[in-house]
Each structure stands twice: as C-alpha cells, then as structure tokens.
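This report is meant for a reader who is meeting the structure for the first time.

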Amino acid sequence: MSDNLTGGRLPSHAQVVIIGGGIIGTNIAYHLTKRGFKDVVLLEKNKLTSGTTWHAAGLVTSGFMTETGAKMAKYTREFYRDIEKETGQATGFKESGMIQIAVNEHYATDLRRKATFNRLIGIEAEELSPKEVQDMWPMANIDDIVGGFFTEGARINPVDVTMAIAKGAKAGGTLILEDITVTGLTVKNKRIESIQTSEGTITCEFAVNCAGMWARQIGEMAGCITPLQAIEHYYAIMESDEMKIDPNLPILKDPSKWAYYREEVGDLMVGFFESVSAPWSLDGVNNNFVFGEIEPDMDRMLPYLMSALERLPIAAEANLKLMFCGPESFTPDIAPLVGEYPEVENFFVAAGLNSLGILMGGGIGSAIANWIVDGLPDVDVTGMNIDRFHRVHQNKKFRKDRSVEVIGEMYKIHFPNKPMETAREMKKHVLYDRLKANGAVFIQSAGWEVPCWYAPEGVEKQVEWTYKRQSSFEHVAAEHYACRNDVIMMEMSFMSKFLVQGKDALKNLNYVCCNDIDVEPGKIVYTQWTNENGGIEADLTVIRLSPDKFMVVTSGRFHRHVEHWMEKHFIAGEHWFITDVTSAYAMVTIQGPKSRDLMSSISETSFATEDFPYLAAKYIEIDYARVYAVRVTYLGEMGWELYIPVEQACDVFDRIMEAGKTFNLRLAGIQSLTNLRLEKGYRDMGHDIDNKDTPVEMGLGFAVKLDKPGKFVGYDVLAKQKEQKVFNKRLLQVLVEDPEPMLFHAEVVYRNDKMVGYIRVGGYGHHLGGAVGLAIVQDDERITKDYIESGKWDVEIDGVRYNVKVSLRPMYDPKLEKVKA
C-alpha cells in the first residue's frame with residue numbers, strides 16, 4: 001500500500017480505487033488481490049452492503065441462455081461455496097436447487113431450452129412432471145401446470161457472503177475504507193487522474209465504478225454514460241402458525257405469477273418481478289439513502305401478491321408480516337453494465353446487475369479483475385460492454401419510460417424477434433415514415449427503429465409469438481425468395497458510418513485492420529479488428545474514398561466500441577481525424593439477381609461487371625442526387641449498397657420504388673437479413689463471433705493479410721494460428737434436415753452423441769429448405785474436414801434431437817458465382 005500522504009486514513013495513491021462496497025465492489029477487490037494487485041483501495045460512503053446488497057434475496061441460481069452468463073453464474077456459486085472455507089467467515093451457503101414452473105407449452109419450451117443449454121455448460125438440470133413438482137414442494141398448487149424444471153442452485157446470506165469476500169480481499173492487501181464519500185473525479189487526457197473524497201484526494205492507475213444505483217451519478221462526474229435506473233423492487237413475508245416452511249425446500253419460481261418463493265426463518269418469502277414496474281428517484285439517489293426502504297405501494301402491488309398466492313393456497317390464509325420495497329438498479333436491456341468506459345480509458349464500471357448482483361458477483365468480479373490486470377477481458381463481453389449504449393439512453397424520459405418494462409422482462413419468455421415495447425421511436429431515420437407506410441414492423445437496435453419484416457396490405461402486424469413458426473413466417477419467406485429470385489431493397493441507415501481522414505489515416509487504420517486497406521480509391525475491404533490476443537473486436541468494412549479519406553461502416557450496436565477502438569489505437573499527435581457521419585446518410589441495399597437491371601434503370605452509370613466489379617465503389621447520379629454506390633453484399637447475392645445524403649433520401653427511395661415495380665422489387669427487413677446471411681454463412685459480430693474468437697478460428701482467415709507492410713494489432717497470434725492450422729474450436733454452418741423445426745439460439749449440437757457446441761444464431765434457410773445456423777464447436781480432437789465428415793451430427797430443439805448437415809464452407813453459393821455475376 002502506498003504511503004499515506006493525505007494526513008488521514010486515505011492513501012495518496014493506489015493502483016486501483018474501487019467506488020462502492022457492495023457485493024460487486026468487494027468481489028472485484030478480492031479477485032484483483034488474487035491476481036497479484038496488492039495496492040487496492042475500496043471506498044464505501046457508508047457501510048459495506050448498505051446500498052442494495054443488504055436487502056437482496058440471496059439466490060444463486062442459473063438459467064442463462066448465454067455462455068458468459070451461465071459460466072459466470074456457475075463460477076459464482078462455486079466461489080461462494082468455497083469462500084467460507086478460505087476465510088472462516090460464515091456465508092449461509094446452502095445448496096437448495098431451484099424449481100421453475102411451466103403453466104403452458106410456451107413456458108415449458110423456454111425452460112427446456114434453458115435446461116439443455118445449461119447442461120452443456122455443466123449445470124445440472126432436469127425436467128419434472130407436475131406430480132414431481134408437488135413432491136418437492138408439497139404446498140404448491142399444480143392444477144394448472146404442465147411441468148417444471150429443477151436446476152442446481154443455492155442460497156446465501158448476502159451480508160455474510162460480502163463480509164467473507166471483504167475479509168479475503170483484506171487478507172490479500174485491499175484497504176477498505178467505510179464512511180468516505182466520493183465527491184469528484186478529475187480527468188486528464190481521457191484518464192482518471194485523481195478522485196476527490198470527503199477526506200482528501202487519491203490518485204490512481206485505475207478506478208472502478210461499483211456504486212450500484214449511484215453509479216450513474218458517479219459516472220457523470222467523469223462525463224461518462226451509465227444508463228441505469230433505480231426501480232422499486234418488492235418481496236413479501238407471509239407468516240402463519242399453520243404454515244411452517246421447510247428450510248430445505250428448493251427455491252420455487254413461477255414466471256406466470258411474476259414471483260419466486262423461498263423459506264425465510266420458517267416463514268414464506270414471495271419475491272416479485274412484476275410485469276409493470278415503477279422507477280424511483282429519476283433525478284438521482286441521495287447519498288444519505290443507506291440501508292434504505294421505500295414506502296410500499298400496496299395499491300399497485302396487492303394484485304401481484306394475490307396472484308402469487310394462488311400458487312400456494314395455504315399462504316392465502318397467512319398474515320402479511322412484511323411488504324418490503326427496496327430500490328435496485330436496472331438497465332434498458334436487462335444486461336449488466338460492465339467494462340472500460342469509452343470516454344475515459346482507465347475508468348471501469350460494474351453496475352446495473354438487474355437484481356442479479358449476488359448471482360453473478362463472483363463472475364463479474366473475476367472478469368473485471370482480469371480485464372484490468374491483463375488489459376483484455378477473458379470472457380465474451382459483447383452483450384454487456386458499457387460501450388453498447390449511447391448518450392440518449394441516459395436521458396431522463398427514456399429511463400422513465402423504459403423502466404416500467406424492465407423488471408417484468410426478467411420473468412418473461414424472450415421469444416425470438418420480440419422487441420421491447422416501451423421508449424420506442426426515440427431514433428428514426430429519414431425514411432421511417434415511408435417504410436411504415438409500406439407495412440414495416442419495427443424492432444429497436446442501438447436506439448434506432450429498424451424494419452424487422454413487412455406486413456402486406458391487409459395483414460395484421462401483431463405477431464403471434466412462439467418458438468415455432470411465427471405468424472410472420474410466410475411474409476419473411478416471401479422477402480427471402482424475392483432476394484434470391486428477383487430483387488429487394490433493405491433499409492440499413494442504422495449502420496454506423498465514420499469518416500477517417502488525414503495524411504496518417506491509412507497508416508493508423510491499417511494498424512488496426514487485419515486485412516490490407518491500402519487499395520485503390522473506390523474499393524471496399526472487409527476486415528476484422530483484433531486485440532493483442534487475436535480476439536475479434538470489430539467486424540466491418542472500410543471504403544477507400546480517396547488517398548487520405550476512408551469510410552468505416554459497422555453495426556450500430558458497436559458504434560461507440562469502434563469509435564473508441566480507433567481513438568485508443570491511433571497514434572496521438574499524428575494527422576488523422578474521425579468524424580461520425582451516421583446521421584448524414586441514409587443507407588439502402590439493393591440485392592438480388594435483378595439488382596443490376598433495377599440500378600441500370602435509375603442511373604446512367606454502367607453496372608456491368610467489367611465496369612462495376614465486386615467490391616468496387618463510385619459516385620452515381622440518381623436524378624438530382626449524387627449517391628455513393630458500393631458493390632458488396634451481406635445477403636449472398638449480387639447487389640449494391642447506396643449511401644444517400646439525407647436531404648435527398650426520400651426522393652431516391654421513391655424513385656427506386658417506382659422503378660422497382662418492373663422487376664418485382666420487394667422491401668425486406670432485418671429478419672430476412674438474418675436468414676439470408678445465415679444461408680451464405682456470413683458472420684455477425686456480437687452474435688456469431690465475439691472478442692474471444694479469432695478470425696482464423698471463425699473461418700475468416702482469408703481477411704487476415706500477414707504479408708501487408710507493417711504488423712497489425714493481434715498479428716503474432718494470428719500468424720501462429722495460420723501457420724499451425726490446428727483448431728479445436730471452429731464455427732460451422734448447420735442445416736437441419738427436417739424442414740419443420742426452427743433454430744434461434746443456444747440449441748445444443750452433438751457429434752456422435754457427445755455435446756460439442758451450440759448454435760450461436762439460427763434462422764430459416766428458405767432456399768436451402770430448413771432451419772440454418774452457425775454453431776460454435778469445441779472438442780479435444782482437432783476439428784478438420786475428416787472430423788466433420790466422419791461424425792454423426794444432431795441438434796437438440798425443445799428436447800428432440802434432429803439430424804443436421806454441417807459444413808465449414810457456405811452451403812449457398814460457396815464459389816461466389818452469384819455474388820460476382
């Protein structure tokens with residue numbers, strides 16, 4: 001620990017300063033010390049656990065449908081089991097297990113899918129009959145259930161386990177200071193230089209915001225976006241002399257009642273994740289709100305309580321001993337806020353755990369500690385990285401409107417393609433009204449309203465949600481066939497676009513690109529950006545507009561990540577400029593075998609291959625508009641992306657629609673994009689590929705140019721992989737032979753009856769004749785062509801195994817004959 005130069009108990013400097021002494025802050029401190037960081041200071045404005053940890057229910061269960069989430073939950077439970085032995089501090093750890101109830105086949109399918117995926121991760125789960133549910137929970141009313149699922153799980157005492165972790169952290173060298181308030185953060189050259197507190201100033205190499213529902217306010221001190229909101233969160237305690245709850249009962253969860261049930265000192269605890277929730281303290285949480293409770297809104301919550309007690313009729317006659325309301329912080333998409341702030345490079349955040357801080361605490365603590373020590377995360381963080389959010393997501397109205405939905409989302413079935421319903425139309429591109437008038441059914445992506453599919457005139461836009469064929473299936477199929485047989489227009493204005501300019505733009509961009517972007521002006525290059533371990537950080541295209549001017553195009557979801565990556569890796573002081581031009585251009589893509597004919601009908605430019613080859617780009621004229629046209633595809637057909645100045649976008653759109661009548665032009669949405677690109681085997685960052693995958697492993701080695709002048713970030717790792725050609729992890733295309741079942745996500749893949757992987761993203765290959773997806777496969781054996789061809793391959797969908805074809809090469813147009821026609 002650094003010398004104390006402040007004249008009090010606060011040191012003048014630390015390697016890492018952690019702000020917040022709840023379950024997350026203490027976990028990070030503990031795991032940092034285990035990685036060898038001994039100079040760690042944790043600052044808590046009151047007492048450890050005094051924010052939200054103290055009133056947590058202490059459930060340590062699983063049920064995630066992501067590899068990162070499931071593994072974090074598994075690690076956390078094992079860590080809590082062992083920390084008592086290490087520190088001698090009691091934690092109240094008890095292996096209890098959890099039963100989740102299914103009241104209809106939709107719930108049963110959802111839970112069955114989760115059970116299968118969790119078994120792949122190593123978490124035991126089994127399906128129960130209604131009678132078996134009642135045998136394990138005798139008081140439960142099973143009249144309306146179709147079954148249940150038992151999963152490994154445990155209970156802990158939240159305060160005790162936090163104290164045990166804090167004790168372990170102290171033993172490793174962490175200094176924990178209570179009753180000390182952070183009052184300001186000083187940022188210099190995009191780094192935290194010092195932290196001001198009620199007892200002086202401390203400098204640091206890294207700072208971590210673990211302030212829970214105060215995290216947004218702490219982030220604002222450094223100009224950082226932390227879009228979480230405190231929301232009322234309830235549980236009830238029911239007591240009765242006739243109702244004594246066995247402490248050995250498993251946790252019981254009934255999503256249809258928005259409730260969970262467990263024993264609490266012989267009484268019954270009923271916790272709520274109600275369908276309509278209430279935000280609290282929108283302007284910020286007072287620092288004096290410690291060990292705090294909120295007066296419960298009985299008028300709002302009584303209907304939920306009465307509904308929940310229908311599952312346990314004996315409890316309906318019990319006394320309401322307590323209705324507790326304590327706020328907890330939730331995020332707009334119910335995923336955690338984790339990682340390094342893009343605004344400030346040495347400032348990390350771990351907050352917004354959506355009432356799962358206890359359940360994920362060990363995993364989050366380990367991930368952040370490893371990220372700080374190694375400079376990179378050791379898990380896939382694409383779904384939880386703080387940089388997925390934009391400034392607009394922190395707006396007060398957005399937080400207020402979205403908050404009413406998010407708690408209930410924790411217990412809803414997350415049907416494929418089903419969007420959030422609140423805080424919509426916050427970002428609409430210039431073509432929105434025209435798309436809506438043509439039947440667009442929208443989803444939300446990075447705040448943008450994006451067409452998911454188009455309802456023909458007279459067709460109901462309301463989708464019947466299911467894990468089988470949804471009511472939009474035939475209309476999405478029509479869009480798909482239009483692309484394969486005729487021509488479609490797809491609006492893609494939500495894609496993020498950056499101009500990178502300057503005499504050193506090429507040098508700096510080529511340093512982060514695996515591919516060589518030193519091409520002739522008027523060419524587009526597909527590339528990945530990788531980290532020092534070869535893991536993929538971005539998957540995008542770079543267009544060379546002129547010798548010193550480039551356009552970087554990426555998914556809107558990775559807007560801030562890509563922008564930050566450039567700022568972090570470009571050489572300071574050299575001549576380069578980055579300009580966000582996302583809102584300056586509308587973007588549509590014209591794709592299909594008739595795309596050349598359509599383009600030729602609206603522009604005098606020659607679109608013949610000899611004049612406009614694949615991966616070429618040039619300005620064209622469409623009536624009054626000067627449009628930048630790029631011959632490229634993400635759907636597997638011949639086509640052009642059009643970048644249109646927003647002030648002329650509506651006119652160009654109308655022109656295309658009118659001319660398209662001759663060629664059977666059809667508008668197509670993002671759902672068709674997914675199906676079409678999966679048929680072609682095209683990858684999607686954050687879905688099929690992530691920061692723990694390398695381009696070479698993922699079949700993208702063709703875009704890794706080791707012979708270009710100068711090395712790029714990740715070069716050494718990728719060069720070794722290309723040389724050795726030994727792969728125990730690969731991304732394979734999967735086609736279900738039976739045309740009826742659907743693939744969406746996390747379906748487990750078997751080779752010779754052994755679990756070897758899962759579907760990262762699935763869709764339906766209308767041209768190929770069955771469900772299609774991309775599966776990540778890992779095995780002790782080398783994954784070669786012989787490994788693939790010699791195996792018997794199956795995928796488990798809703799408890800049933802189906803034969804599948806697997807391939808390293810795209811099953812549709814593997815030689816790019818259609819693309820380059």
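## A buried valine and its surroundings

Val562 counts as buried because its relative accessibility is 0%, where the cut-off for buried is under 20% relative accessible area. The model in which this holds is a predicted one. Val562 has its place in helix α13, which covers residues 559-569. Not counting residues up to four places away in sequence, Val562 touches Phe498, Trp529, Ala538, Leu540, Val552 and Thr554. Lys94, by contrast, lies 468 residues from Val562 in sequence, and the two are 44 Å apart in space, C-alpha to C-alpha.

Trp529, one of the residues that Val562 touches, has a list of contacts of its own. Leaving aside neighbours within four places in sequence, Trp529 is in contact with Leu509, Val512, Cys513, Gly535, Ile536, Glu537, Ala538, Leu540, Val552, Val562, Trp565 and Met566.

In soluble globular proteins, nonpolar side chains tend to be buried together. The largest nonpolar core of this model has 240 residues, and Leu509 and Trp529 are those with the most contacts inside it. Helix α8, residues 357-374, provides the largest share of this core, namely nine residues. There is also a second, separate core of 35 residues, which includes Tyr454, Phe607, Ala616 and Val652.

## A covered strand

Strand β35, residues 729-736, is mostly covered, with eight of its eight residues buried. In a regular strand the side chains alternate between the two faces of the sheet. In β35, Lys729, Leu731, Gln733 and Leu735 point one way, while Arg730, Leu732, Val734 and Val736 point the other way, and all of them are buried. The table lists the strands that pair with β35 in the antiparallel sense.

| Partner strand | Residues | Bridges to β35 |
|---|---|---|
| β38 | 770-778 | seven bridges |
| β40 | 800-807 | four bridges |

Within these pairings, Leu731 has Ile776 of β38 as its bridge partner, and Val734 has Val806 of β40.

## The second largest pocket

The second largest pocket has a volume of about 460 Å³. It is lined by 22 residues, of which Arg155, Asn157, Arg262, Glu264 and Met269 are the closest to its centre. At least two lining residues are supplied by each of α5 (158-171), β14 (234-239), β16 (259-264), β17 (267-272) and β18 (319-325). Sorted by class, the lining of this pocket consists of 12 nonpolar, four polar and six charged residues.

Definitions and conventions
Residues numbered from 1 in each chain as written. Predicted model: local features only at pLDDT ≥ 70, side-chain atom pairs only at ≥ 80, totals over all residues. Heavy atoms only, no water. 1 Å grid on protein atoms, 1.4 Å probe; cavity = no way out; pocket = protein on both sides within 12 Å on 5 of 7 lines; lining within 4 Å. Points joined across faces, edges and corners; volume = space filled by probe spheres on them. Nonpolar A, V, L, I, M, F, W, Y, C, P; charged D, E, K, R; others polar. Core = buried A, V, L, I, M, F, W, Y, C linked by side-chain atoms within 4.5 Å. Buried < 20%, exposed > 50% of the residue type's maximum accessible area, 1.4 Å probe, protein only. Contact = heavy atoms within 4.5 Å. Pairing = 2+ DSSP bridges.
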